[in-house]
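Hello,

Here is the structure we talked about, with the sequence alongside. My notes on what was found come after it.

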Amino acid sequence: MTQTSSHNERAHAKLSASGAERWMACTGSPQFEEGFEDEETDFAKEGTIAHELSEILISRELGLIDKRKANSLLKAKQKSEYYNADMLGYVEQYVDFVMERVNAARAITHDAVVLIEQRLDFSEWVPDGFGTGDILIIAESFLDIIDLKFGKGVKKYAPENPQMKLYGLGALNMYDAIYDIKNVRMTIVQPRLDHISTDELTAFDLYDWAESTVRPIAEEAYNDGGTFKPGDHCKFCKGRAVCRARADDCLETVDTYQGAELSLEEIGLLLAKVDSIGKWCKEVADHAYKQATLHGKKIPGYKLVAGRSNRKFTNIGTVKEILLGEAYKSEQIVKPEELISLTDIEALVGKKKFESLLGGCITKAPGKPALVPESDKRDELNSAKAAKDDFDDDFIDN
Ligand code: SF4
């Protein structure tokens with residue numbers, strides 16, 4: 001049995017599964033976010049196209065649509081400005097993974113159920129809570145949930161992932177009574193990072209988490225009076241530029257330091273926050289700019305002025321003609337031809353073709369030493385001297 005619904009018809013709940021990492025950590029955020037406009041980034045739009053491609057391919061694999069129909073749907077999606085040559089290859093990797101799971105489930109039972117883009121209602125524990133599961137497979141008492149993440153900025157892990165657990169709860173809420181589900185496996189596939197992460201819980205453990213953890217937090221988050229708690233989860237909060245708790249958190253890092261010179265310990269503490277403080281500063285500046293330019297608001301102490309602009313030729317052909325006519329040589333007035341960047345060429349020809357055509361033309365120098373948190377998975381350089389030697393070599397080479 002197979003069912004499907006459309007990705008682009010997804011709606012968002014106030015306490016959504018995709019926002020759970022945020023509202024479970026900062027119960028003040030759902031109310032606070034209500035006054036701000038929805039923002040759909042280019043990354044989100046790209047993710048939507050990738051999901052839509054995957055729906056078409058999986059529907060074709062499952063025999064829900066024929067090849068001709070699939071091809072015409074694919075062609076339509078490929079016209080999107082957010083489509084690129086690599087996307088289809090990555091989506092096919094995901095589809096292969098899904099079909100492996102579908103076939104494994106069908107080997108257990110011919111009656112395995114496959115659901116695509118399924119709305120999952122977990123409002124039993126979270127007021128008005130629902131989300132959309134990319135793929136659900138139910139084989140006897142086993143439930144498999146697979147989520148495509150097309151982003152490549154941050155690796156996402158299934159263990160302790162509240163979004164995946166809420167999908168699991170939503171699926172249990174809807175199908176446990178019919179299939180008597182005992183185990184739930186949750187998998188995140190991030191094809192652009194070649195990353196797959198899986199976790200498996202018993203239905204009992206998920207219900208227990210729902211009652212003991214989710215229900216009380218969701219009640220606090222849904223009603224007025226939640227608690228503001230800044231952290232990594234702020235990065236997708238709609239109110240992040242103007243949130244006082246976040247501003248206080250960034251500023252107090254420096255405020256608490258004493259003495260004329262920062263100690264190495266203080267530098268270490270500050271380094272841990274440099275990234276988020278930097279982002280916060282930029283978000284505040286972007287917010288102020290939008291207020292002034294889009295909404296005509298006056299920011300005290302600031303004014304809008306005409307930005308600097310550069311002179312440019314109206315017609316390059318005419319300029320060349322005039323200069324060559326004045327006996328200037330072509331090499332004096334025209335830049336040598338230059339390749340676009342390696343990354344842009346890879347995006348242009350596609351990852352596979354890039355490898356086969358140009359794999360032998362690439363070299364990669366060892367990277368400069370980088371100072372990263374202890375938690376980083378890379379091996380530590382052997383010694384400070386080795387790091388210094390690497391740095392010196394690099395300095396001399398340049
Ligand atoms: S910016 Fe952070 S602390 Fe402020 S409401 Fe949003 S999630 Fe909470």
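**What was found**

Glu52 is buried, with a relative accessible area of 8%. Glu52 is part of helix α3, which covers residues 42–61. Its side chain makes a polar contact of 3.2 Å with the side chain of Lys77. Please keep in mind that this is a predicted model.

**Salt bridges**

There are 21 salt bridges in the structure. In one of them Asp144 pairs with Arg185, and the closest N and O atoms are 2.8 Å apart. Asp144 belongs to strand β4 and Arg185 to strand β5, so this pair ties together parts that are 41 residues apart in sequence. Is Asp144 buried or exposed? Asp144 counts as buried, because its relative accessibility is 3% and the cut-off for buried is under 20%.

Another salt bridge links the side chains of Glu160 and Lys165, at 3.5 Å from N to O. The two partners can be compared by their accessibility. Glu160 is exposed, with a relative accessible area of 64%, whereas Lys165 is buried, at 7%.

A further salt bridge joins the side chains of Glu211 and Arg215, with an N to O distance of 2.9 Å. Where do Glu211 and Arg215 lie? Both are in helix α7, 4 residues apart, which is about one turn of the helix. Glu211 is partly exposed, with a relative accessible area of 41%, and Arg215 is also partly exposed, at 24%.

In soluble globular proteins, nonpolar side chains tend to be buried together. The largest nonpolar core here has 35 residues, and the members that touch the most others are Trp23, Val126, Ile145 and Leu166. Which elements give two or more residues to this core? They are α1 (20–25), β2 (113–121), β3 (130–139), β4 (142–148), α6 (162–179), β5 (183–190) and α7 (203–222).

Leu166 gives a view of the contacts of one member. Leaving aside residues up to four places away in sequence, Leu166 touches Ser16, Ala17, Ala20, Trp23, Phe122, Val126, Trp209 and Val214. There is also a second, separate core of 33 residues, and Met87, Met99, Ala105 and Val114 are included in it.

**Ile217**

Ile217 is located in helix α7. With a relative accessibility of 23%, Ile217 counts as partly exposed, because the cut-off for buried is under 20%. What does Ile217 touch, not counting residues up to four places away in sequence? It touches Trp23, Met24 and Thr27. The C-alpha atoms of Ile217 and Trp125 are separated by 9.7 Å, and these two residues are 92 residues apart along the chain.

**A pair of helices**

The last item is the packing of two helices, α12 (residues 342–349) and α13 (residues 351–358). Their axes are 6 Å apart and the angle between them is about 115°. The crossing of α12 past α13 is right-handed. Which residues meet there? From α12 they are Leu342, Ile345, Glu346 and Val349, and from α13 they are Lys351, Lys353, Phe354 and Leu358.

Regards

How values were computed
Residues numbered from 1 in each chain as written. Predicted model: local features only at pLDDT ≥ 70, side-chain atom pairs only at ≥ 80, totals over all residues. Heavy atoms only, no water. Core = buried A, V, L, I, M, F, W, Y, C linked by side-chain atoms within 4.5 Å. Buried < 20%, exposed > 50% of the residue type's maximum accessible area, 1.4 Å probe, protein only. Contact = heavy atoms within 4.5 Å. Salt bridge = Lys/Arg side-chain N within 4 Å of Asp/Glu carboxyl O. Polar contact = N/O pair within 3.5 Å; in protein donor to acceptor, adjacent residues only side chain to side chain. Axes fitted to C-alpha atoms, helices over the stretch in contact; angles between N-to-C directions. Left-handed = near helix turned anticlockwise from the far one by under 90°.
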